[in-house]
Amino acid sequence: MPAYGVIGAQWGDEGKGKIIDFLAADASIVARYSGGNNAGHTVINHLGTFKFHLVPSGICWPHTVNVIGNGVVIDPDVLLGEITDIKSKGLDTSRLVISDRAHLIMPYHVALDRLEEKRRGSSAIGTTGRGVGPAYLDKVGRSGLRAGELLNPEDLMLRLPDIVKFKNELITKIYGGEPVAIDSLYEKTTRWASELAPYIKPAEDMVFDALSAHENVILEGAQGSLLDLDHGTYPYVTSSNATVGGALTGLGVGPRGFGGVAGVFKAYCSRVGSGPFPTELLDKTGDHIRTTAHEFGTTTGRPRRVGWFDAVAGRYSARVNGMDSMIITRLDILDGFDKIKVCTAYEIDGRRTDKFPVDTVRLGRARPVYEELKGWQGTTSGLTNPRQLPTGAKDYVKRLEVLLGVPTSIISTGPSREETVVMRPIMGR
Ligand code: IMP
């Protein structure tokens, strides 16, 4: 099996880290292709509990090369902190590769992210404040700095004064913020160069070689398709392409290398930050799901907004990613519900539609049309065999399959690697 996309299908936090750790048993490469340390991927296995922000979720396997692709933006301080942390837990980081074409998040990007959010006031996006948007802005504006430049830090430092002068004018004169000290940037650049240099390589060559040898490569999605810069709920989105298209440009692979795309869906929905969320539950049911599922951000600790499964958004997500299967996580959170609702259409300005609208203002006025399904009383928590699933849970999954038009490959029934039900093998698992 060649390259296989494992993509967030909703608004992020679908539990991709756990799934990728499970699937990586048969992968020679796990490669991140978009986003930055706005992501938080939790992996729990016999080695411990890990919260990765930049390091791909295959790092726990001794045979897997973990690539941070050119489409990712990297805060070197965060990455170095993560490398130190995982080394201290006994993991080998020698199989970590940073694409020399990946852009760097600099301290002025973090400052600008926070200042811009403050300026937006009541229309703030609710970014993670990690400098991700401003770093991509510089990439597109052709004034970014790339990881490969850390291999020649003297040349990079020659570029810094001009860049920092302009950024500090923006920070102080437009936003009234505190300027970034260039001396500290020289010091950081020197440290980053010496500590990160061993990891910086032409990553696309490694991915190409693995695919040519017919080895499994997992394309690790970050965030979710509905936060995708082009296909998400713009402007309440992140600044990169979380959908599978981002993997082509974000890693330098061609479509011929693709073996399939699995979309990771939570059995319900969640969203962090601002933006329309038609099935949001602002009542006791929402509080119950948030508390039981511990829906608080891995990166920022913010409480997540939660709601019923949205099949209108889900079907759209399945289409823009060309999904051939879905992976359902956190099914156990719905254990014990008498009734479970699924949104099958929206009513917008008195009209019913099953299409996901491009206009975020219209989406904000969408009233969900629900179908009510019977819940189940038994537990799904920790199950590993499809035959053990309660009838109500099987019916729920089957209904989602029909509504989205894709079969289910995997159901996750708990946070650990083993708490996994394979319905239909993918990637040899
Ligand atoms: P940014 O990516 O920090 O610019 O934030 C833009 C939007 O994407 C905000 O609504 C964030 O809450 C959301 N976001 C970014 N990364 C994640 C993630 O990993 N999970 C969920 N939401 C995210």
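**Close-up views of the domain interface and the ligand site**

**View 1. Salt bridges between domain 1 and domain 3.** In this predicted model, 2 salt bridges are found across the interface of domain 1 and domain 3. D21 is paired with R417 in a salt bridge, and the closest N and O atoms of the two residues are 2.8 Å apart. Polar contacts between domain 1 and domain 3 involve 20 residue pairs, counted where both residues have pLDDT 80 or more.

**View 2. Arrangement of the three domains.** Domain 1 is made up of two segments, 3-100 and 199-260, whereas domain 2 covers 103-197 and domain 3 covers 265-422. The centres of domain 1 and domain 3, taken over C-alpha atoms, lie 23 Å apart. To the contact between them, domain 1 contributes 38 residues and domain 3 contributes 38 residues.

**View 3. Buried surface between domain 1 and domain 3.** The size of an interface is often expressed as the accessible area lost when the parts come together. For domain 1 and domain 3, the buried area is about 3,000 Å², with 58% of it given by carbon and sulfur atoms. Q10, W11 and K18 account for 23% of the area that domain 1 buries against domain 3, more than any other three residues.

View 4. The side chain of T128 places an N or O atom 2.6 Å from an oxygen atom of the ligand. For N38, the distance from a side-chain N or O atom to a ligand oxygen atom is 2.8 Å. G126 takes part through its backbone, with a polar atom 3.2 Å from an oxygen atom of the ligand. The ligand taken alone exposes 470 Å², and the protein buries 97% of that area.

Definitions and conventions: Residues numbered from 1 in each chain as written. Predicted model: local features only at pLDDT ≥ 70, side-chain atom pairs only at ≥ 80, totals over all residues. Heavy atoms only, no water. Polar contact = N/O pair within 3.5 Å; in protein donor to acceptor, adjacent residues only side chain to side chain. Areas by Shrake-Rupley, 256 points an atom, 1.4 Å probe, with all protein chains shown as cover. Domains from an automatic or database assignment. Contact = heavy atoms within 4.5 Å. Buried area = accessible area lost by both parts, 1.4 Å probe. Salt bridge = Lys/Arg side-chain N within 4 Å of Asp/Glu carboxyl O.
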